[in-house]
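Hi,

Here is the structure for you to look over. My notes follow below it.

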Amino acid sequence: MSETNSVRLTGPGGIEAELPIHEGTLGPRVMDVRRLYAQTGMFTYDPGFTATASCRSSITYIDGDAGILLYRGYRIEELAEKSDFLETAYLILYGDLPNGAQRLKFIHDITYHTMLHEQVQFLFRGFRRDAHPMALMIAVVGALSAFYYEDLDVEDPHHRMVATYRMIAKMPTIAAWAYKYSIGQPFVYPRNDLGYAENFIHMMFATPCEEYRVDPVLAKALDRIFILHADHEQNASTSTVRLVGSTGASPYAAIAAGIASLWGPAHGGANEAVVLMLDEIGTVDRIPEFLARAKDRNDPFRLMGFGHRVYKNYDPRAAVLKQSADEVLATLGQKNNPKLQIAKELEKIALEDEYFRERKLFPNVDFYSGIILEAMGIPTKMFTAIFALARTVGWIAQWNEMMLDPEQKIGRPRQLYVGPKERPFVPLEQRP
Ligand code: SDX
């Protein structure tokens, strides 16, 4: 990060400040406000951190205006077409695409950490069978901080690497077991002869009663969905992981907090909400009714899968997923899938509507992903769990980057206080 020049601020009461400007390799420069309070006695004010850079990072770059997404400099479209999830995970973790030997070793090391401690099974059994998979994942991942606690020193690079591999390797098993538990079927153990996405599908749909062959088309489609969801800069759940990790807490606890944050319908929960919304719309002729509700300030309804804090253009992930939806549904003999037809018509009408154009609201990553997952036979309640599975790579990579960043310290924002001024205690008998 290079410091190019500075910004001079002047304000009422002789306030003056000189704030350094830092420039990265791509994207907006930053004004370093760390000494703003010391120089002016004022904080910055930025609810939702809409204009705040919380850290420096070299993992993911988003150009929201141009609709560009890079993982370590590589276009997401290229990675989705030419790479696979574990290779992309290696890229996100280590900064470069692996060579042959590195690739094979990484795949081996992840594959041989996919099993869970046998005691973990009993954590699931404390839940009702109809518990949402995300609640189970928060609990089980958080509980791993109890299984891996005594020997975990977050300052130790080897311990961080082990926790990193364990998280990436075990998330598919945890997610699949959350599903199996919800349908009352026995847990299916991971297999070392299957690929990452293939193994997940096998654990989701195989039973002990017969051989289950994973459709390679579905495995490839799911692997691509994992790539598209792997990381996304300092989004809400990644910022949650960083904030929890900044206190020195266990990475398993930090990831559990990230899963909790992702669950919200404004974030990763939107993929589930999109499919439920498309179900509610039901037919293309009801689209205008729902668009009117989305535009009505007095109606809390929003068009799920549309809009984004950063993208003010088409989310490049949505473009890949839209094409993948056509391919996968055609392969599955669902070329005329009604939800896909409604989604495409909804997108078309919304993008021609002044309300959406004026606010630069475009489809985001969640708009088409659920349609593909549902067509693959994955239940709606598992959509965000799959998002969490894939995003674990980004979360744990960003956690590692934070742990190595000399500028990082415990996250502790300030506030604009608008509460009562100091006042004396009022005895009970004197209260109205
Ligand atoms: C993800 O941050 C990330 O990178 C997240 C993510 C990732 O990979 O980690 O990309 C994944 O979370 C994608 C987003 C999934 N969420 C949804 O699809 C839910 C629907 N979208 C909205 O809730 C909303 O667009 C957000 C939350 C995504 C973004 O909200 P912002 O940036 O806070 O924008 P805003 O609420 O200030 O909206 C600006 C205007 C408002 O209207 P006005 O007050 O100016 O009149 O746009 C309107 C909003 O009402 N608006 C919408 C809308 N999204 C914004 N109106 C109708 N439908 C919508 N979807």
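**Ligand site**

An oxygen atom of the ligand sits 2.9 Å from an N or O atom in the side chain of Asn364. That is a polar contact (a pair of N or O atoms within 3.5 Å; within protein, one must be able to donate a hydrogen and the other to accept it, and residues adjacent in sequence count only if both atoms are side-chain atoms). The protein buries 78% of the 1000 Å² that the ligand exposes when taken alone. Those areas come from the Shrake-Rupley method with a 1.4 Å probe; for residues, only the protein chains shown count as cover.

This is a predicted model: local features need pLDDT of at least 70, side-chain atom pairs count only at pLDDT 80 or more, and totals for chains, interfaces and linings use all residues. Residues are numbered from 1 along each chain as its sequence is written, and side-chain values use heavy atoms, with hydrogens and water left out.

The side chain of Arg302 has an N or O atom 3.0 Å from an oxygen atom of the ligand. A polar backbone atom of Ala266 is 3.0 Å from a ligand nitrogen atom.

There are 24 residues around the ligand, and His232, Leu303, His308, Arg317 and Arg391 come nearest. A residue is near if one of its heavy atoms lies within 4 Å. The shell divides into ten nonpolar, seven polar and seven charged residues. Here Ala, Val, Leu, Ile, Met, Phe, Trp, Tyr, Cys and Pro count as nonpolar, Asp, Glu, Lys and Arg as charged, and the others, Gly among them, as polar.

**Helix 13**

Helices are DSSP runs (H or I, at least four residues), numbered from the N terminus. In helix 13 (residues 287–295), Ile287, Phe290, Leu291 and Ala294 are buried. Buried means under 20% relative accessible area, exposed over 50%, partly exposed in between (1.4 Å probe, protein chains only). These four residues lie on the same side of helix 13, because they cover an arc of only 100° around the axis. The arc is that of the directions from the helix axis to the C-beta atoms. They pack against helix 12 (270–281), helix 15 (338–351) and helix 16 (354–358). Contact means heavy atoms within 4.5 Å.

**Loops**

Most residues other than glycine have a negative phi. Glu233 has a positive one, near 60°. Glu233 lies in the loop between helix 9 (216–229) and helix 10 (236–245).

Gly269 is buried, at 7% relative accessibility. The C-alpha atoms of Gly269 and Thr384 are separated by 5.5 Å, though 115 residues apart along the chain.

Best wishes

Key:
Helices (H or I, at least four residues) and strands (E, at least two) are DSSP runs, numbered from the N terminus.
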